[in-house]
Amino acid sequence: MSTRLTLVLGDITRQDVDAVVNAANSSLLGGGGVDGAIHRRGGPDILAACRALRASHHGKGLPTGQAVATTAGLLPARHVIHTVGPRWSATEDRSELLASCYRESLKVAAGLDARTVAFPAISTGIYGWPLDDGARIAVETVRETASPTVEEVRFVVFDDRAHEAFARHLT
Ligand code: AR6
């Protein structure tokens, strides 16, 4: 399956796709940014599903670079795929962990038979990753990852600066 990469300026919680990716933290119990918006708009079912994961497979939380799916509650999407980006470090190259978020999320998406997946710019907010580099890793990784089910990967960005960064790497 060759995956089409698209770019939208908007709110990830409004996307009518099979799966939206959440820029979560390893607790899976919510936070600010995309995570806060998804839980606010998606309602309590998402948090209940996250708590169930913490009580079973992910007792210690979700490791950085990994991904796991839950219901999307009241969101227009069918599933939320939670992934944990690395915090930016000026002294340590954590790029492979950021690439892993995109790869592992796409793997989970294929397991859900998802055809359309929306990604935020993982790690580029509260986790401080420089936007241009975060966009480069996102685009390169998705381009290099073949998926048996995913026809469209939609990057959903929140402001003009992020839109410009992704547009640069998509052309
Ligand atoms: N739709 C699309 N993009 C958004 C939205 C939205 N509704 N809200 C923010 N962005 P962030 P991170 C952009 O901070 O850096 C949470 O507390 C934002 O401008 O959501 O991976 C978690 O629980 C930025 O470009 O995620 C973790 O603790 C990008 O989405 C931590 O933040 C990602 O910003 C994760 O930090």
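Q: What counts as a polar contact here?
A: A polar contact is a pair of N or O atoms within 3.5 Å. The model itself is predicted.

Q: OK, the ligand then. How far is a backbone N or O atom of Tyr127 from an oxygen atom of the ligand?
A: The distance is 3.0 Å, so the pair is within the 3.5 Å cut-off for a polar contact.

Q: And how much of the ligand does the protein bury?
A: The protein buries 89% of the 700 Å² that the ligand exposes when taken alone.

Q: How many residues surround the ligand, and which are the closest?
A: There are 22 residues around the ligand, and the closest are Asn25, Gly32, Val34, Asp35 and Thr124.

Q: Which element gives the largest share of that shell?
A: Helix H1 does, with 4 residues. H1 spans 33-42, and both H1 and strand S2 (19-24) supply at least two residues of the shell.

Q: What sort of space does the ligand take up?
A: The ligand takes up the largest pocket.

Q: Changing topic: where is Ile126, and is Ile126 buried or exposed?
A: Ile126 is in the loop between S5 and H4. Its relative accessibility is 65%, which is over the 50% cut-off, so Ile126 counts as exposed.

Q: What does Ile126 touch, leaving out residues up to four places away in sequence?
A: Ile126 touches Gly32 and Gly33.

Q: What about Ser123, what is its phi?
A: Ser123 is not a glycine, yet its phi is positive, about 75 degrees. Most residues other than glycine have a negative phi. Ser123 lies in the loop between S5 and helix H4 (131-144).

Q: Is Ser123 buried or exposed?
A: Ser123 is buried, because its relative accessible area of 5% is under 20%.

Q: Which other residue has a positive phi without being glycine?
A: Asp113, with phi near 65 degrees. Asp113 sits in the loop between helix H3 (95-111) and strand S5 (116-119). Asp113 counts as exposed because its relative accessibility is 55%.

Q: Now strand S4. What can you say about Thr83 there?
A: Thr83 is in S4, which covers residues 79-84. Thr83 is buried, with a relative accessible area of 0%. A polar atom of the Thr83 side chain lies 2.7 Å from the backbone oxygen of Gln66.

Q: What packs against Thr83, not counting residues up to four places away in sequence?
A: The residues that Thr83 touches include Val21, Asn22, Ala23 and Ala24, as well as Leu62, Cys101 and Ile122.

Q: And where is His79, and is His79 buried or exposed?
A: His79 is found in strand S4. His79 is buried, at 17% relative accessible area. Leaving aside neighbours within four places in sequence, its contacts include Asp18, Ala19, Val20 and Leu112.

Q: Which residues does Glu104 contact beyond four places in sequence?
A: Glu104 is in contact with Gly65, Gln66 and Ala67. Glu104 is in helix H3, and its side chain has a polar contact of 3.1 Å with the side chain of Lys107.

Q: Why is Glu104 classed as buried?
A: Because its relative accessible area is 18%, and buried means under 20%.

Q: Last one, Asp11. Where is Asp11 found?
A: Asp11 is in the loop between strand S1 (4-9) and S2. Asp11 is partly exposed, with a relative accessible area of 23%. A polar atom of the Asp11 side chain is 2.8 Å from the backbone nitrogen of Thr13.

Q: What does Asp11 touch, not counting residues up to four places away in sequence?
A: Asp11 touches Val156 and Phe158. Thr64 is 53 residues from Asp11 in sequence, and the pair is 24 Å apart in space, C-alpha to C-alpha.

Technical notes. Residues numbered from 1 in each chain as written. Predicted model: local features only at pLDDT ≥ 70, side-chain atom pairs only at ≥ 80, totals over all residues. Heavy atoms only, no water. Buried < 20%, exposed > 50% of the residue type's maximum accessible area, 1.4 Å probe, protein only. Polar contact = N/O pair within 3.5 Å; in protein donor to acceptor, adjacent residues only side chain to side chain. Contact = heavy atoms within 4.5 Å. Near = heavy atom within 4 Å. Areas by Shrake-Rupley, 256 points an atom, 1.4 Å probe, with all protein chains shown as cover. 1 Å grid on protein atoms, 1.4 Å probe; cavity = no way out; pocket = protein on both sides within 12 Å on 5 of 7 lines; lining within 4 Å. Sits in = over half its atoms within 2 Å of the grid points.
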